[in-house]
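Me: I would like to go through this model with you. Could we begin with the order of its elements?

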Amino acid sequence: MSHTVLAKPAVRWAIAAGAVAAGALWFGDKAPYPYTQHKLLDLPLPYLTANRLDAVLRPRPGERVLEVGPGTGLQSLHVAPQLGPDGRLDVLDIQPEMLDHVMRRAERHGVANITPTRGDARELPFPDHTFDAMYLVTALGEVPEPERVLAEAVRVLTPGGRLVVGEFFDRHWIPFGTLHRLADDSGLHLAAHRGSTLAYLARFRPCTAAA
């Protein structure tokens, strides 16, 4: 008689949701991800959980943080409250519909420290040394010339700032080895890495700060 151990319903749901999200991102993926398919962006991706993001990003009260490509705000509404009333989360996207969606959700949840900006991640509309941290979750690969995004990150981060990149296997996925090489070329030093090349979070610092 075989004994099959069934996964708990929540675990089965997470696995199924991740599979659906991965399939949708692979077969229907466009860059940037179209707002018409925004509901798929609320499905959690395996290994890119909120707890894992916290462990790598390490948001702190009072910081000013930039999120590029916030989608529907899944990470935004998790990170912003951790910055406290004296902190601020800037969200940047090239699609105004995405920004409007994030701000509606923030208002419903009573999160008041998110500021939207429409712009191109290759030419960030912010002064030098503005942010304590910057992060992109499954967004870097959707931007043409990702090396320009990384160079802009070096420019807008404070000397001791940090950049976190999360990637998940889809049509715009950037393998970790490729990201590491691009980061080295852009003057970014690897500080932490979690996950495999198919699904990972990596933290970088400007090389001057690392030195």
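Reply: This is a predicted model. From the N terminus on, its elements follow the order α-α-β-α-β-α-β-β-α-β-α-β-β-α.

Me: How many helices and strands does the protein have?

Reply: There are 7 helices and 7 strands.

Me: What share of the residues counts as buried?

Reply: Of the 211 residues, 45% count as buried. The protein exposes about 10,400 Å², and carbon and sulfur atoms supply 58% of that area.

Me: What is Leu-124 in contact with, leaving aside its neighbours within four places in sequence?

Reply: Leu-124 is in contact with Leu-66, Leu-92, Met-134, Glu-152, Arg-155 and Val-156.

Me: What about contacts across the sequence in general, say between residues at least 6 apart?

Reply: Of those contacts, 73% join residues at least 24 apart.

Me: A change of topic: the backbone. Which residue in the loop between helix H2 (50–57) and E1 deserves a look?

Reply: Arg-58 is found in that loop. Arg-58 is not a glycine, yet has a positive phi of about 55°. Most residues other than glycine have a negative phi.

Me: How exposed is Arg-58?

Reply: Arg-58 is partly exposed, with a relative accessible area of 42%. Thr-138, also not a glycine, has a positive phi of about 50°. Thr-138 lies in the loop between E4 and H5 and is partly exposed, at a relative accessible area of 23%.

Me: Why does 23% not count as buried for Thr-138?

Reply: Buried means under 20% relative accessible area, so Thr-138 at 23% falls in the partly exposed class.

Me: Finally, what volume does the largest cavity have?

Reply: The volume is about 30 Å³, and the count of cavities of 30 Å³ or more comes to 1.

Me: Which residues line the largest cavity?

Reply: Thr-138 is one of them, along with Gly-141, Glu-142, Glu-167, Phe-168, Asp-170, His-172 and Trp-173. The lining divides into 2 nonpolar, 3 polar and 3 charged residues.

Terms used: Residues are numbered from 1 along each chain as its sequence is written. This is a predicted model: local features need pLDDT of at least 70, side-chain atom pairs count only at pLDDT 80 or more; totals for chains, interfaces and linings use all residues. Side-chain values use heavy atoms; hydrogens and water are left out. Contact means heavy atoms within 4.5 Å. Helices (H or I, at least four residues) and strands (E, at least two) are DSSP runs, numbered from the N terminus. Buried means under 20% relative accessible area, exposed over 50%, partly exposed in between (1.4 Å probe, protein chains only). Accessible areas come from the Shrake-Rupley method with a 1.4 Å probe; for residues, only the protein chains shown count as cover. On a 1 Å grid over the protein atoms alone, a cavity is a set of points where a 1.4 Å probe fits but cannot get out, and a pocket is an open set with protein on both sides within 12 Å along at least five of seven lines; lining residues have an atom within 4 Å of a point. Grid points are joined across faces, edges and corners, and a volume is the space filled by probe spheres set on the points. Ala, Val, Leu, Ile, Met, Phe, Trp, Tyr, Cys and Pro count as nonpolar, Asp, Glu, Lys and Arg as charged, and the others, Gly among them, as polar.
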